Structure formats: structure tokens, C-alpha cells
Amino acid sequence: MLVTIAFAGEPDRDIVLRLAPETSLLRVREQLAAKAGMQPGERFRLGRAGLHPTLEAETTVGQAIDKDQTLTVRPAPTKRAESPAKTPAQARPALRPIAPEARPAEARWGLRNEADAPDLLPQLQGRLAGVNARTPDEFAALPLETVQALFATRRLDRGLRFSAELGDSVFGARSPRSPAVYRHPQRPPHSGGVSFTSRWRLSATASRVLHELHTRSIHNANAGGGVNGFGLGADFRRDLERLQRSEVTAIHLVEETIVPKVAVTLDPDQDLDVAPELVEAVDAALAVRGGRRSQYQALHERVFAGFGYFFPCETLLGGVRMRTLSTTSEDLREQQQFLAGFGFGAAAKDVPTSHGPASGDIGYARSESRLSRHRHIRQLRQQDVRTVGGHPALGLADDLLLQWMAGLDAVELWAAIGHRRLVPILRFLPRRQRDQCVGVIEPFARSDLTARFTVLDMAAYVAPFNRALLDELM
């Protein structure tokens with residue numbers, strides 16, 4: 001449920017949190033210390049008095065909120081003036097609890113307000129200078145402040161945007177606002193390694209949409225989409241239909257060297273709370289007059305444009321170096337021979353995966369080395385190199401590749417090179433709001449209106465929520 005936290009005498013600090021009735025006030029204090037700068041001396045009101053902090057662990061939200069679902073925080077009690085007759089020798093120094101204090105301009109995990117970023121980013125980036133982590137174990141041993149700085153500067157609290165224009169600079173980029181808030185002030189996110197330290201890979205697709213996603217390190221749709229609501233729209237289907245009809249079509253190639261350093265994982269149920277700003281933005285969009293069509297448009301313009309469509313629950317940090325090429329064969333036979341070298345497979349529908357049912361179509365494949373002499377591959381290797389992460393000057397030259405890879409021990413040179421386990425941001429909303437959004441989206445999901453805003457298949461976007469509702473009814 002949504003609970004309003006009211007700071008008595010300071011309404012500008014009021015905040016809305018999603019809390020369960022059985023949540024202890026001690027845990028609420030931890031969240032408020034990070035999000036609203038709650039001080040150790042401030043106390044929760046219980047009845048007409050302030051609750052002593054030692055009782056917070058055994059007092060729940062359900063016991064402390066009022067009828068309006070408001071939890072009030074009282075200011076720290078003022079100290080009484082000492083009696084003039086009291087000598088300094090009798091005075092006892094006040095105990096000062098050691099507790100985290102959050103500055104109003106900076107959230108502990110992520111930059112909650114983009115307007116503050118220009119001032120804070122240099123300071124946070126400075127915390128990463130000179131920090132090295134060669135292995136995931138070394139990363140896990142870093143100070144909490146260093147991990148917080150990396151989390152904020154790489155914007156790991158932001159969603160992903162998917163506009164209608166594939167060449168748009170914001171396509172696949174992190175959103176300007178945070179749809180979710182990391183709920184553990186004093187605990188770093190889960191992190192670990194991957195199964196390889198570096199990898200060379202050559203891949204091809206007949207879909208420009210998949211190609212653009214791949215070059216932006218978004219890996220939820222290596223085929224037809226469908227995992228956790230990630231599906232692609234009409235352009236994707238047209239590209240693959242041309243391939244299935246054995247027509248000459250554009251083939252998009254990527255050659256890349258991937259150097260992963262650490263994977264940061266966030267559990268959407270255990271680690272994340274909905275950002276109050278997302279709740280407010282959705283309420284505003286659903287309140288737009290003019291019927292559901294206007295509300296649907298407002299969801300794209302006011303919510304998804306600001307908070308993203310999906311939140312990546314797993315982010316791979318490190319560096320990647322790639323070349324790309326889009327080419328068309330002169331005749332169908334050459335194209336078929338070329339694609340046969342990549343082993344383009346047959347269609348697959350509703351394949352069960354660890355993240356839900358997935359569906360795939362012909363149109364994406366990889367090859368390790370079989371096609372190295374083909375003229376398209378030779379053309380690919382003449383293209384300019386693009387690097388994400390690492391030292392740019394070292395990454396552009398083939399003979400400096402090993403130096404570029406070694407330089408990725410420096411944490412300040414890490415970038416996000418993989419976005420996985422994407423979940424729709426609607427998942428974080430309260431049930432009532434989420435159901436309202438689904439009801440607004442469904443009638444227009446595959447209309448021409450959708451194509452004005454995104455390449456995503458919005459019918460697939462809301463499908464997981466309909467399946468969840470059906471499961472409950474069954």
C-alpha cells in the first residue's frame with residue numbers, strides 16, 4: 001500500500017512510499033534516512049506521543065498509520081537550557097549516535113533528480129579515480145561509497161527508452177528519471193562475474209531493429225522478443241517476413257570484442273520500490289481528459305518518455321569494442337550461402353525460459369570463425385571501431401587491443417555493456433494503477449498511434465500482466 005510520510009513542520013520533505021502493513025518502523029527509518037534525510041533524533045508519532053527508537057523494530061506500519069494512511073514523523077526534541085547553578089564538571093556530553101545522513105540533493109543510490117546531476121557527477125566520478133578491480137571478488141570488497149558512486153554515475157537506477165526512430169540518440173538509452181528506488185541504504189546490490197573474461201563474436205541479423213538493440217547492448221530480444229513483455233512491432237515482423245520469403249534483404253553484421261568485469265543484479269521484488277515520482281506521473285497521465293486515447297498518448301509522452309518502458313534488473317559492466325556493417329547481396333543465391341554460414345535456425349514459439357515464455361523467428365545468428373574470408377566480412381573489418389568503456393584512444397587501434405583490455409581494470413572506465421532481465425516499469429506500480437494502465441494500453445496497443453512513439457509491441461508489453469491476472473482467477 002502507498003503510505004504518505006508527513007514530516008511535521010516541514011511539508012517540503014513529505015514523501016510517498018510503498019509499504020506493507022507488517023513492515024517494521026525500523027526498516028522505514030532506514031529508507032527515510034536515504035530518501036528524505038531522516039535524522040536519528042526524529043521520531044515516529046504513535047498516538048499523541050513520539051515512539052522511542054528502541055521500540056521501532058517491534059512496531060509495524062499498520063500500528064502507526066492513521067486513517068488517511070499517513071505516518072507522521074515528529075522533529076527531534078529541543079534540548080532544555082542548562083541551569084546556571086550546574087557546573088561544567090556535572091555536565092555529561094550528549095551521546096551522538098553514528099547513523100547515515102543523506103544530503104537532500106543526493107540520493108544514496110542513484111541521482112533522483114536529473115537537474116542535480118551536473119553538480120554531483122564530477123564529485124561522484126572523483127570517488128572512482130584510482131580504483132581498480134580486476135575480478136568480481138575485488139569489486140565486492142570495494143567501499144560502499146565507491147559502489148554507490150558507480151551506481152549513480154552509470155545510472156543503474158534508470159529505465160530504458162525505446163523511441164519510434166531507430167537512429168534517435170535516445171533509442172535504447174537510460175531514462176532521465178528513476179522508475180524504482182533501491183531500498184537497502186547500507187547494502188550494495190548483488191554482484192558477480194560471468195562465464196568468460198573476454199570474447200570475440202561475429203553476429204548477423206536480418207532485422208534492423210535487432211541490430212540497433214544489439215549495438216546498444218540490449219539483449220532481451222536476440223530473436224522475436226516475448227520475454228517479460230519485450231516484443232517488437234511491425235518493422236521487425238516485416239524484415240523477417242522478407243527473409244522467410246527468401247527475398248534479397250539487408251543483412252546487418254557486428255564484430256565485437258567483449259570484456260565483462262562484473263554483473264550487477266537487482267531483484268525487482270526484494271531490492272526495488274516504486275519511485276513516488278512514477279506514481280505521480282501515472283496519476284497525471286490517467287487524469288488527462290479526452291478519453292482513453294488521450295490517456296494512452298499521455299502515458300507515452302509523460303511516463304515512458306521520462307521513466308523508460310523497461311527496467312534492466314541485470315547490468316553488465318566493462319567494455320566492448322565493435323565494428324558494424326549493413327550490406328545487401330547482389331543476388332539471392334549469394335545471400336543464402338552467406339546466411340547458411342551463420343546457421344540461421346528455424347522458428348521457435350513459446351519456448352520456456354528461466355524468465356518466462358520466449359518466442360523467436362529466423363533472423364539472428366552467430367558465427368565464430370567460418371566466414372572470415374567472405375567479402376562482406378572483409379568489408380566489415382575495414383569499418384571504423386566504436387568502443388563503449390575503456391580508454392577510447394587505445395580501443396580504436398587493433399594493435400593496442402591488449403592494452404585497451406588491461407586498462408579496464410580501472411573502475412572509472414567501466415560502462416554498461418549489457419542490459420538483461422528487462423521488466424516493464426508498470427510492474428513497480430500499485431496494483432490499482434497497473435490495472436488502469438493495462439486497460440488504457442490494450443485498445444491501442446497495435447494501432448498506428450503506437451508507431452508514433454515506440455518500436456515496441458505494446459500488446460506484448462501488457463501480456464505478462466494479463467497472464468498474471470488469469471493465473472489468479474484460475
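**Strands and rings**

Reply: Strand β11, residues 250-265, is mostly covered, with 15 of its 16 residues buried. The model is predicted, so local features need pLDDT of at least 70 and side-chain atom pairs count only at pLDDT 80 or more, while totals for chains, interfaces and linings use all residues. Residues are numbered from 1 along each chain as its sequence is written, and side-chain values use heavy atoms, with hydrogens and water left out.

Me: What makes a residue buried or exposed, and a run of residues a strand or a helix?

Reply: Buried means under 20% relative accessible area, exposed over 50%, and partly exposed in between, with a 1.4 Å probe and protein chains only. Helices (H or I, at least four residues) and strands (E, at least two) are DSSP runs, numbered from the N terminus.

Me: How do you know that β7 is joined to β11?

Reply: Two strands pair if DSSP finds at least two bridges between them. Strand β7 (residues 190-192) has three bridges to β11, and the two run antiparallel. S191 stands opposite V264 in β11.

Me: Which bridges join β11 to β8 and to β13?

Reply: Seven bridges join β8 (residues 199-205) to β11, again antiparallel; R199 has I258 as its bridge partner in β11. For β13 (residues 310-328) there are 15 bridges, also antiparallel, and V254 stands opposite T324 there.

Me: Why is the pair of Y296 and F444 called stacked?

Reply: The whole structure holds 12 aromatic pairs. Rings of Phe, Tyr and Trp (its six-membered ring) pair if their centres lie within 6.5 Å; planes under 30 degrees apart count as stacked, over 60 as edge-to-face and the rest as tilted. The centres of Y296 and F444 are 5.5 Å apart and their planes are at 25°, so the pair is stacked. Y296 is in helix α9 (residues 292-307) and F444 in the loop between α14 (431-441) and α15 (448-451), 148 residues apart. Both Y296 and F444 are buried.

Me: What makes F311 and F428 an edge-to-face pair?

Reply: F311 and F428 are 5.8 Å centre to centre with 90° between the planes, which is edge-to-face. F311 lies in strand β13 and F428 in the loop between β18 (415-424) and α14, so the pair ties together parts 117 residues apart in sequence.

Me: Why are F311 and F428 called buried?

Reply: F311 has a relative accessible area of 0%, so F311 is buried. F428, at 1% relative accessibility, therefore counts as buried.
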